[in-house]
Amino acid sequence: MSNLAVRVEHLQKVYKLYNKPTDRLKESLGLTRKKLYREHYALNDVSFQVEQGETVGIIGTNGSGKSTILKIITGVLNQTAGVVEVNGRISALLELGAGFNPEYSGLENVYLNGTMMGFPREEIHQKLDSILKFADIGDFIHQPVKTYSSGMFVRLAFAVAINIDPEILIVDEALSVGDVFFQAKCYHKFEEFKKMGKTILLVSHDLGSVSKYCDRVVLLNQGEKVDEGEPKRIVDLYKKILAGQDQPLEEGAKTHILPAGKRWQDHLQVNPQLLEYGEKKAEIIDFAIIDEAGRITNAVDKGSYCQIRMKVHFFVQVQEPIFAYTIKNLQGTEISGTNTMYEDAVIPPQNPGDEQVVTFRQKIDLQGGEYLLSLGCTGYRDGDFHVYHRLYDICNLSVVSTKNTIGFFDMNSEIEVG
């Protein structure tokens, strides 16, 4: 008997993209012999295997085909070409609650959703207590789903998918549902599945979870498989793709050597909804986050050193310029930050036309997760304080961690027993 739980061979998914709806109609009615569409390859010649009891992660940029692969494996989509073989009963956490009927009660939807996933009513009944306990929504289980909050909805949907006993668990970004306590319960259940030897296929943007839980990782980019292998190596390769660069900073170099017209920030994912203010008598014209390997990237490893760098152009004379950065969580709370005045850094006076590069070398002890970076240039001119340029939430900072503690920062405790 094969030890393979999932086999994907030369998988291809092609979509026809039409410029207007009438073109699709003309083709379907055979009214033209012209090719009125262009082909988009969501997946192109992708192959990999998952052994029984293995946890495999799939990562990649948006639009790389991660979710498409999972939908084909679970039968939600049909492939254009290639072979998919699945040996084992699947429970999929894709679009949570997609099969729920809003007019039915939560209890009725438990049976409906479980049946749609291919499980007999008797088995759902046997698992009902564990489903209801995991969802923890109380008497709302007897109310129509349309009355639920979004949090209650995903809790119930997750509880149905995770508590029916599958041989293969397929997860697409579903481990971030609900509040922090429910997320902890989800991760605990996930670890239980691993210990039980279940096969798990995981798609996530959370590189820390991928590094921690997966035995192997498959990297996709623009519908094609780039590589697969040990998590840390593949995550590092993914960070290079995110940054759009393959070469690290040369040892001893202060700045990256970039092609003409290119800026450091062109290698980062930058917030398109730019929020800025200030007098603009000085302007932040470029910035970068640089990891320990010298790569410009939005993702850095917890416990590592990185550089936060900015370049400022001055239009007027500033006797005492101040450069600053701030890190906030996604809810907008300022977590940390500093500036050159706090750090007693000596910044020379700047004249019109001058450009100054300032680099903060920073150890990252933040917990793994997503943060937002803000930059600023202020200073004193003729004894008065001026705000020249501030960039709010200009880019994201992803901290990759396989071990988190309580709160925002790791205190790096050393434990002695006995």
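This is a predicted model: local features need pLDDT of at least 70, side-chain atom pairs count only at pLDDT 80 or more; totals for chains, interfaces and linings use all residues.

Two residues are in contact when they have heavy atoms within 4.5 Å of each other. With that cut-off, what covers the buried residues of helix 3 includes helix 4 and helix 5.

The protein as a whole comes first. It has eight helices and 18 strands. Its C-alpha trace spans about 80 × 75 × 45 Å along the principal axes. Of the 418 residues, 46% are buried. Among contacts with a separation of 6 or more, 71% are between residues 24 or more positions apart.

In soluble globular proteins, nonpolar side chains tend to be buried together. Here the largest nonpolar core has 45 residues, and Ile59, Val110, Leu156 and Leu169 are those with the most contacts inside it. Helix 5 (residues 150-163) supplies the largest share of this core, eight residues. A second, separate core has 36 residues, including Leu268, Phe323, Tyr325 and Leu391.

Neighbours within four places in sequence aside, Ile59 is in contact with Lys66, Ser204, Leu207, Val210, Val217, Val218, Leu219, Leu220, Ile234, Val235 and Tyr238. One of these, Lys66, belongs to the buried residues of helix 2, together with Thr68, Ile69, Leu70, Ile72 and Ile73. Helix 2 (residues 66-73) is thus mostly covered, with six of its eight residues buried. Just after helix 2 comes Gly75, which takes a positive phi of about 90°.

The next element to consider is helix 3 (residues 106-116). Its buried residues are Gly106, Asn109, Val110, Tyr111, Asn113 and Gly114. Val110 was named above among the residues with the most contacts inside the largest core. Just after helix 3, Gly118 has a positive phi of about 95°.

How are two packed helices described? The description uses the angle between their axes and the distance between the axes. For helix 3 and helix 4, the axes come within 10 Å and cross at roughly 130°. Angles over 145 degrees count as roughly antiparallel and 65 to 115 as roughly perpendicular, so helix 3 is oblique to helix 4. The crossing of helix 3 past helix 4 is right-handed. On the helix 3 side the contact is made by Leu107, Val110, Tyr111, Gly114 and Thr115, and on the helix 4 side by Arg121, Ile124, His125, Leu128 and Ile131. By class, this contact of helix 3 with helix 4 has six nonpolar, three polar and one charged residues.

Helix 4 (residues 121-135) also packs with helix 5, where the axes come within 8 Å and cross at roughly 140°. Helix 4 and helix 5 are therefore oblique to each other. Helix 4 passes helix 5 in a right-handed crossing. From helix 4, the residues that take part are Lys127, Ser130, Ile131, Phe134 and Ala135; they meet Arg155, Leu156, Phe158, Ala159, Val160, Ile162 and Asn163 of helix 5. Sorted by class, the contact of helix 4 with helix 5 has eight nonpolar, two polar and two charged residues.

The loop between helix 4 and helix 5 holds Ile137. Is Ile137 buried or exposed? Its relative accessible area is 10%, and buried means under 20%, so Ile137 is buried. Residues up to four places away in sequence not counted, Ile137 touches Tyr148, Met152, Arg155 and Leu156. In C-alpha to C-alpha terms, Ile137 is 53 Å from Lys280, and the two are 143 residues apart in sequence.

Two aspartates remain. Asp382 has a positive phi of about 55° although it is not a glycine. Asp382 lies in the loop between strand 17 (369-381) and strand 18 (384-400). With a relative accessibility of 63%, Asp382 counts as exposed. Asp393, also not a glycine, has a positive phi of about 50°, and its place is in strand 18.

Note on methods:
Residues are numbered from 1 along each chain as its sequence is written. Side-chain values use heavy atoms; hydrogens and water are left out. A nonpolar core is a set of buried Ala, Val, Leu, Ile, Met, Phe, Trp, Tyr and Cys residues joined through side-chain atoms within 4.5 Å. Buried means under 20% relative accessible area, exposed over 50%, partly exposed in between (1.4 Å probe, protein chains only). Helices (H or I, at least four residues) and strands (E, at least two) are DSSP runs, numbered from the N terminus. Axes are lines fitted to C-alpha atoms, for helices over the stretch in contact, and angles run from 0 to 180 degrees between N-to-C directions. Angles under 35 degrees count as roughly parallel, over 145 as roughly antiparallel, 65 to 115 as roughly perpendicular and the rest as oblique. A crossing is left-handed if the near helix is turned anticlockwise from the far one by less than a right angle, and right-handed if clockwise. Ala, Val, Leu, Ile, Met, Phe, Trp, Tyr, Cys and Pro count as nonpolar, Asp, Glu, Lys and Arg as charged, and the others, Gly among them, as polar.
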